[in-house]
Amino acid sequence: MALFRIDRRTEAGPAEVWRRLTDWTRHSGSVPLTRITVTTPPPTGVGTVFVARTGIGRLAFEDPMEVVVWEPPGRGRPGRCRMEKRGRVVTGWAEIEVRPGPEGAGALLVWREDLRVWRLPRALDPVVSRAGRFVFGRALTVLLGG
């Protein structure tokens, strides 16, 4: 698996960062050639399923994910969400952790992801990890921008 981690500090508070990052359909505008569809009724919680469809036409694949941990941030408590990737092409997991920033200002965000791409040799895991860090780093920039 290709593990990567992205750390960000933002001026927005934990509740706002959480709202922006867990509005799954907003991710469509931040990941190139990807559309997100939530397939379960709101509100989001454990058991929520959404599908990221990436690509163009017949050269696309689906990446279904299920929320398996849902702990929104609360009074001095960090928020944590874990999604399990249940697709045929991409498997693994992703975690979002949001906590108050230093001295209560803003928020600290940690995005961790562990990917496995079907039929891709493990020797390429470092390349997948770097690509994931780049793509999701850009996505976080868009999502946290407002």
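Predicted model: local features only at pLDDT ≥ 70, side-chain atom pairs only at ≥ 80, totals over all residues.
Residues are numbered from 1 along each chain as its sequence is written, and side-chain values use heavy atoms, with hydrogens and water left out.

Helix 1 spans residues 14-21, and Pro14, Val17, Trp18, Arg20 and Leu21 in it are buried. Buried stands for under 20% relative accessible area, exposed for over 50% and partly exposed for values in between, with a 1.4 Å probe and protein chains only. Helices (H or I, at least four residues) and strands (E, at least two) are DSSP runs numbered from the N terminus. Viewed down the axis of helix 1, the buried residues fall within an arc of 165° and so line one face of the helix; the arc is taken over the directions from the helix axis to the C-beta atoms. The cover over these buried residues includes strand 1 (2-10), strand 4 (61-71), strand 5 (79-86), strand 6 (90-100), strand 7 (107-117) and helix 2 (125-144). Contact here means heavy atoms within 4.5 Å.

Four aromatic pairs were found in a search of the whole structure. Rings of Phe, Tyr and Trp (its six-membered ring) pair if their centres lie within 6.5 Å; planes under 30 degrees apart count as stacked, over 60 as edge-to-face and the rest as tilted. Trp24 and Phe50 form a stacked pair, because their ring centres are 4.5 Å apart and their planes are at 10°. Trp24 lies in the loop between helix 1 and strand 2 (34-38) and Phe50 in strand 3 (residues 49-54), so this pair ties together parts that are 26 residues apart in sequence. Trp24 is buried at 3% relative accessibility, and Phe50 is buried with a relative accessible area of 4%.

The pair of Trp111 and Phe136 is also stacked, because the ring centres are 5.6 Å apart and the planes are at 25°. This pair links distant parts of the chain, with Trp111 in strand 7 and Phe136 in helix 2, 25 residues apart. Trp111 is buried, with a relative accessible area of 4%, and Phe136 is buried, with 19%. Phe4, Trp111 and Phe136 form one aromatic cluster. Not counting residues up to four places away in sequence, Phe136 touches Phe4, Ile6, Trp111 and Glu113. The C-alpha atoms of Phe136 and Ala123, 13 residues apart in sequence, are 21 Å apart in space.

Phe136 also belongs to the lining of the largest pocket, where Val31, Asp63, Lys85, Leu115 and Phe136 lie nearest the centre among 27 lining residues. A pocket is an open set of points on a 1 Å grid over the protein atoms alone, where a 1.4 Å probe fits, with protein on both sides within 12 Å along at least five of seven lines; lining residues have an atom within 4 Å of a point. The largest pocket holds about 580 Å³ of space, the volume being that filled by probe spheres set on the points. Strands 2, 3, 4, 5, 6 and 7 and helix 2 each give two or more residues to the lining, and helix 2 gives the most, with five residues. By class, the lining has 20 nonpolar, four polar and three charged residues. Ala, Val, Leu, Ile, Met, Phe, Trp, Tyr, Cys and Pro count as nonpolar, Asp, Glu, Lys and Arg as charged, and the others, Gly among them, as polar.

Leu120 is placed in the loop between strand 7 and helix 2 and is partly exposed, at 26% relative accessibility. The C-alpha atoms of Leu120 and Val89 are separated by 9.7 Å, with the two residues 31 residues apart along the chain.
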